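Please look at the sequence and the model shown here before reading on. The report is written for a reader who is new to protein structures.

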Amino acid sequence: MEDMNVVILALISLLVVMMGIVVLMGRGDWMISGYNTAPPEKRQQYNLPRLRLVTGLGTIIVMLSWDLLVILDLYDVSAYVVLGEAVVMVVMSKTWAKRGF
């Protein structure tokens with residue numbers, strides 16, 4: 001990879017990982033898509049600490065694995081890996097992160 005591409009990748013990665021950490025700390029609930037715009041009765045269906053864990057950790061894992069795949073020049077599989085991780089995040093947020101699960 002070219003030097004400039006590495007710098008851009010590092011900056012984007014740092015930003016996204018920091019966003020994941022903010023969500024994990026409980027300061028970024030407004031970044032959780034769907035939850036932030038849901039009415040209060042819909043929000044009550046979710047276990048917020050679990051939803052933060054799924055969203056924050058999922059974001060960090062997706063970003064770091066994407067970085068690793070790009071650094072290793074595995075562009076052909078990177079989309080499939082990230083898509084698989086995203087599917088796991090959606091399933092976890094719709095099942096494990098709901099109250100009463």
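Predicted model: local features only at pLDDT ≥ 70, side-chain atom pairs only at ≥ 80, totals over all residues.

Residues are numbered from 1 along each chain as its sequence is written, and side-chain values use heavy atoms, with hydrogens and water left out.

**Helix α1**

Helices here are DSSP runs of H or I with at least four residues, numbered from the N terminus. Helix α1 covers residues 3–24, which makes 22 residues, and spans 31 Å from its first C-alpha to its last, close to the 32 Å expected at 1.5 Å a residue; that expected span is 1.5 Å times one less than the number of residues.

The buried residues of α1 are L9, S13, V16, V17, G20 and V23, where buried means under 20% relative accessible area and exposed means over 50%, with a 1.4 Å probe and protein chains only. Seen down the axis of α1, these buried residues fall within an arc of 105 degrees, so they line one face of the helix; the arc is that of the directions from the helix axis to the C-beta atoms. An α-helix has 3.6 residues a turn, so residues three or four places apart point the same way. The face of α1 turned away from its buried side carries the exposed residues D3, M4 and L11. Part of what covers the buried residues of α1 is α3 (48–71), and α1 is followed by G26, whose phi is positive, near 90 degrees.

**Two pockets**

On a 1 Å grid over the protein atoms alone, a pocket is an open set of points where a 1.4 Å probe fits, with protein on both sides within 12 Å along at least five of seven lines, and lining residues have an atom within 4 Å of a point. A volume is the space filled by probe spheres set on the points.

| Pocket | Volume |
|---|---|
| Largest pocket | about 410 Å³ |
| Second largest pocket | about 160 Å³ |

Of the 20 residues that line the largest pocket, the closest to its centre are I32, S33, L51, T55 and S93. The elements giving two or more residues to this lining are α1, α3 and α4 (75–94), and the largest share, 5 residues, comes from α3.

Among the residues that line the second largest pocket are L53, L57, E85 and W96. Here α3 gives the most to the lining, with 6 residues.

How values were computed: Contact = heavy atoms within 4.5 Å.
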